[in-house]
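Okay, thanks for coming, everyone.

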Amino acid sequence: MAISEQTIERMRELAGLYPKSRSALLPMLHLVQSEQGEVTAEGIATCAKVLGLSPAEVTGVATFYTMYKRKPVGKHHIGVCTNTLCSVLGGDAVYDALSEHLGVGHNEPTADGGFSLERIECQAACTHAPVMTVDWEFMDDVTPASAIDVVERLARGERVESTRGPAIRDFQSTELSLAFPDDGLAHEGNSVDEKMLAGLRYAKEHNMSAPTAGQES
Ligand code: FES
């Protein structure tokens with residue numbers, strides 16, 4: 001799908017939000033992905049034109065950050081954290097099970113375009129390791145069986161709730177939220193749970209506090 005006039009107008013809107021318009025490049029690339037499912041050469045050229053940058057400068061950013069994809073992403077992006085803690089608690093097994101179930105490897109879309117699978121780095125969600133993301137929404141404490149169940153339900157078109165966020169939509173919808181975060185979904189789902197507060201509770205019970213800046217330990 002070619003970049004629409006409406007999207008170009010929204011790019012200009014993003015550029016106007018920052019003192020230096022080039023700061024809008026990151027959300028603009030998400031906007032490109034929301035329309036095209038990847039960062040295409042056309043998307044790069046359009047961002048460059050709107051921001052007065054060279055295509056090489058935009059390409060440098062688009063190829064540096066792993067959230068920008070230079071080839072088509074499936075309807076649903078599945079990320080499995082295989083960083084240290086998730087890995088030792090089962091992340092590798094979850095990734096292997098999904099890879100076998102979907103018949104794809106790292107950063108590959110399925111033949112029907114329904115899913116893409118990616119090994120992802122630590123999501124700062126180690127409390128609930130191993131974690132998986134679906135269109136960047138968290139699925140906590142997954143197992144190979146529960147991860148495959150999520151994928152099967154999505155394939156059947158069923159509603160799937162993320163563990164602590166809104167119901168799963170699709171990759172391109174999430175990309176639009178990353179470009180324009182005011183999507184009205186910020187308060188959906190449980191963002192904090194008992195497991196995440198355990199450390200705070202322990203610190204309070206033991207009169208522990210964090211040192212203030214500059215304080216000697
Ligand atoms: S190691 Fe997986 S979320 Fe931190």
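**A walk through the model**

Let's start at A124, which is exposed because it has 8 other C-beta atoms within 10 Å. The cut-offs here: a residue is buried if 20 or more other C-beta atoms lie within 10 Å of its own, exposed if 12 or fewer, and partly exposed in between, with C-beta atoms placed from the backbone. A124 sits in the loop between β3 and β4, and its phi is positive, about 55°, although it is not a glycine.

Before I go on, two housekeeping points. This is a predicted model, so local features need pLDDT of at least 70, side-chain atom pairs count only at pLDDT 80 or more, and totals for chains, interfaces and linings use all residues. Residues are numbered from 1 along each chain as its sequence is written.

Back to the backbone. Most residues other than glycine have a negative phi, and most peptide bonds are trans. N107 is another residue other than glycine with a positive phi, near 65°. You'll find N107 in the loop between α5 (84-102) and β2. N107 counts as partly exposed because 14 other C-beta atoms lie within 10 Å. Then there's the peptide bond from A129 to P130, which is cis, with omega near -5°. P130 is in the loop between β3 and β4.

Now zoom out. The protein has eight helices and five strands; helices (H or I, at least four residues) and strands (E, at least two) are DSSP runs, numbered from the N terminus. Reading from the N terminus, the order is α-α-α-α-β-α-β-β-β-β-α-α-α. The C-alpha atoms fill a box of roughly 55 × 50 × 30 Å along the principal axes. Of the 217 residues, 34% are buried.

How is it divided? The domain assignment gives domain 1 (5-62) and domain 2 (76-173), with bounds that come from an automatic or database domain assignment. Taken over C-alpha atoms, the centres of domain 1 and domain 2 are 28 Å apart.

Next, the sheet. In what order do the five strands of the open sheet run? The order is β2-β3-β1-β4-β5, and the pairing is mixed. β2 (108-109) and β5 (137-139) are at the edges with a single partner strand each, so one side of each has no neighbour in the sheet. When I say two strands pair, I mean DSSP finds at least two bridges between them.

Have a look at β1, residues 76-81. Six of its six residues are buried, so the strand is largely enclosed by the rest of the structure. H76, I78 and V80 point one way from β1, while H77, G79 and C81 point the other way. On one pairing, β1 runs parallel to β3 (residues 115-120) over six bridges, and C81 has I120 in β3 as its bridge partner. β1 also pairs with β4 (residues 132-134), this time antiparallel, through three bridges. There, I78 has V134 in β4 as its bridge partner. β4 then goes on to β5, again antiparallel with three bridges, and M132 stands opposite M139 in β5.

F171 and V134 are 37 residues apart in sequence, but 8.1 Å apart in space, C-alpha to C-alpha. Is F171 buried or exposed? F171 is buried, because it has 23 C-beta neighbours inside 10 Å. Leaving out residues up to four places away in sequence, F171 touches G37, V73, K75, H76, H77 and D135. For contacts, the rule is that the two C-beta atoms, placed from the backbone, lie within 7 Å. Among contacts between residues at least 6 apart in sequence, 63% join residues at least 24 apart.

One last stop: the helix pair α2 (residues 25-36) and α3 (residues 41-51). Their axes come within 10 Å and cross at roughly 140°; axes are lines fitted to C-alpha atoms, for helices over the stretch in contact, and angles run from 0 to 180 degrees between N-to-C directions. Which residues of α2 and α3 meet? L25, M28, L29, V32 and Q36 in α2 meet G43, C47 and L51 in α3. By class, that contact has six nonpolar, two polar and no charged residues. Here Ala, Val, Leu, Ile, Met, Phe, Trp, Tyr, Cys and Pro count as nonpolar, Asp, Glu, Lys and Arg as charged, and the others, Gly among them, as polar.

That's my tour, thanks.
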